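The following exercises are to be worked with the sequence and the model at hand. Each task is followed by a stepwise solution.

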Amino acid sequence: YCLMPNHCHLHVKRNTDSISTVIHWLQTSHSVYFNKKYKHFSPVFTGRFKSILIQKEIYHRQLSKYIHLNPVKAGVVNTPQDYPYSSYGEIIGDPKNTVKIIDGRAMRSLLGNQTGAAVIQYRRFLEEDHLFEYSPN
């Protein structure tokens, strides 16, 4: 995941519920919380969400790269590790990261396993392009 100031990216494995149902529940719950906390009376989110079905393992890794480099591309931070509102810190085992919400099975799928070597390889893959030019397509 990556929570940006004006949008968010979620890399989700769907089981039985449709992704539309999950996103509707998530947006509704967050909107109720946000509106109550900040005495806000208009929609929190605008526009329709976009979803992409990932059918090839290579795209799974590229999508993760796209999501975690989004704050860098937006000029918010210099490196993905500097951005506290994404799952990158949890994936790489950053000791400053205290959030633990990523399913370990998903990480093994992304990294191949949970060894230190796999994490180093993932970091290199993500940070290999110093210009941070990437595309989700």
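**Exercise 1.** Determine whether Ser64 is buried or exposed.

*Solution.* Ser64 has 2% relative accessibility and therefore counts as buried; buried means under 20% relative accessible area, exposed over 50%, and partly exposed in between, with a 1.4 Å probe and protein chains only. The residue belongs to helix α2, where helices (H or I, at least four residues) and strands (E, at least two) are DSSP runs numbered from the N terminus. Between Ser64 and Leu10 the C-alpha to C-alpha distance is 9.4 Å, although they are 54 residues apart in sequence.

The model is predicted: local features need pLDDT of at least 70 and side-chain atom pairs pLDDT 80 or more, whereas totals for chains, interfaces and linings use all residues. Residues are numbered from 1 along each chain as its sequence is written, and side-chain values use heavy atoms, leaving out hydrogens and water.

**Exercise 2.** Describe how α2 and α5 are arranged and which residues meet.

*Solution.* Begin with the axes, which are lines fitted to C-alpha atoms over the stretch in contact, with angles from 0 to 180 degrees between N-to-C directions. Those of α2 (residues 57–73) and α5 (residues 116–127) come within 10 Å and cross at roughly 65°. The two helices are therefore roughly perpendicular to each other, a class that covers 65 to 115 degrees.

Next, list the contacts (heavy atoms within 4.5 Å). From α2, Arg61, Gln62, Ser64, Lys65, His68 and Leu69 meet Tyr122, Phe125 and Leu126 of α5. These residues divide into 4 nonpolar, 3 polar and 2 charged; Ala, Val, Leu, Ile, Met, Phe, Trp, Tyr, Cys and Pro count as nonpolar, Asp, Glu, Lys and Arg as charged, and the others, Gly among them, as polar.

**Exercise 3.** Identify which residues have the most contacts inside the largest nonpolar core.

*Solution.* A nonpolar core is a set of buried Ala, Val, Leu, Ile, Met, Phe, Trp, Tyr and Cys residues joined through side-chain atoms within 4.5 Å. The largest one has 18 residues, and those with the most contacts inside it are Cys2, Ile67, Tyr83, Tyr88, Leu111, Tyr122 and Leu126. At least two residues of this core come from each of α2, α3 (88–92) and α5.

Key: Angles under 35 degrees count as roughly parallel, over 145 as roughly antiparallel, 65 to 115 as roughly perpendicular and the rest as oblique.
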